[in-house]
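My entries follow the order in which I looked.

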Amino acid sequence: YCIILTGKDIATMGKAKNLLFTACLEHFGQIRPDSHIWLFSSTDNSHYNYNSRYLFEYVKENLPEITPLFVINDPELRNSLSSKYGKQYFIETENIQGIRQALSAGVWFTSAGLPAYGTGLHKKRLIINLWHGVPLKKIALLDPNLKKAARIYFKKIFSENYTCILTTSHELIPLMARSFAVSEDKIKVWGQPRNDGLFQKNDCREILGQLFPDLPEYTKTVLYAPTFRDYGQVQLFPFKDFDQKQLEAFLDEKNMLLFIRTHVAEQGSAAPYLGKRIRFLGNEQAEDVTGILNIFDCLITDYSSIYIDYLLTDKPMIFLPYDRQQYLDGRGMNFDYDDVTPGPKPETFNDFLDALSPKEDFWKSERTRVNRLFNEIQHPCAADICNKVLKMIR
């Protein structure tokens, strides 16, 4: 007989093993968490991204009294980060020794999931969910596609373990509380450390020159970051009158560069469009693009909450919601789409080109309104978050 395991099966088995080891160590390991060890984790415990990355780097550089650790279960990435920052900072939680090390931390920060799985973990340590964006779409327990068993698991393993969950505006507190099934007093308006980079001056030419040494001369840069669809591949230029040669000529004439950043699973969708002035900016070039969003002069997206971070730059944006009904019917939105997307939504290719080079910024006042709604924290916040946590552990 032959048993075939999918990636999802293997991931489930890994979580089950983690759950068992964690339970045993919590009950019989006699581990006393140290509140001066702060543990960070992010997507699948295998990625160095989101708010966890940026807060970890702040702690590492600015809080000598704290020992920061980051969970990276991907051995290749862990080795790469260890070479860059030092191997003392990176651990894994795929074996019992790593889980013991994780449980020794008195403070956990996560942006997605947990570094170790179990119930009652919050009783011995602070567990702070930094989260990874504004919930434009329905998330967590409000996701209509979440199955009943998954909802029970989510509440027991995640919701009941969180000491607090961070967000960016008091307007979002009730929504975040419902999404995670926690009381509103657990939702803290402390901001997102990943946005701290948007408040500092980044050198566009230096950053892009390191990522793409062969770029032509340019005066304007555009980032195109569409959302992943689980029902089919994204249509990057969804116009009946789209003309590739006309787009290339337009970019040449305007001395403009267009960077396409799709989900890693959809990189192939960008290939037919790439050329001298159209480049692919994927995870290999920048695993997390948030910290350098301010180097781009314009953002193109559809339903991605990346635009809410980009609002902090007060630069123009374009929306291409060509499959709005299909997408929203499947996932659902927490807000009226048109009311919170302050930018043109071109339906023809010529309108799209006009939006890329507008004669006047007609959307500035709308951007200001939506920015005030979602981004109450409009200054660097990593230091404030650390100070609040230090007060909690004292």
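**Basis.** I note that this is a predicted model, in which local features need pLDDT of at least 70, side-chain atom pairs count only at pLDDT 80 or more, and totals for chains, interfaces and linings use all residues. Residues are numbered from 1 along each chain as its sequence is written, and side-chain values use heavy atoms, with hydrogens and water left out.

**Helix H12.** I looked up H12, residues 364-374, a helix being a DSSP run of H or I of at least four residues, and a strand a run of E of at least two, numbered from the N terminus. I found Arg-367, Val-370, Asn-371 and Phe-374 buried (under 20% relative accessible area, exposed being over 50%, with a 1.4 Å probe and protein chains only). Seen down the axis, the buried residues of H12 fall within an arc of 105 degrees, so they line one face of the helix; the arc is taken from the directions from the helix axis to the C-beta atoms. On the face turned away from that buried side I noted the exposed Ser-365 and Arg-372. The cover over the buried residues includes helix H9 (306-310) and strand E12 (317-319), contact meaning heavy atoms within 4.5 Å.

**Cavities.** I searched the whole structure and recorded two cavities of 30 Å³ or more, a cavity being a set of points on a 1 Å grid over the protein atoms alone where a 1.4 Å probe fits but cannot get out, with lining residues having an atom within 4 Å of a point. The largest cavity has a volume of about 70 Å³, and its lining includes Asp-196, Phe-199 and His-379.

Definitions and conventions: On a 1 Å grid over the protein atoms alone, a cavity is a set of points where a 1.4 Å probe fits but cannot get out, and a pocket is an open set with protein on both sides within 12 Å along at least five of seven lines; lining residues have an atom within 4 Å of a point. Grid points are joined across faces, edges and corners, and a volume is the space filled by probe spheres set on the points.
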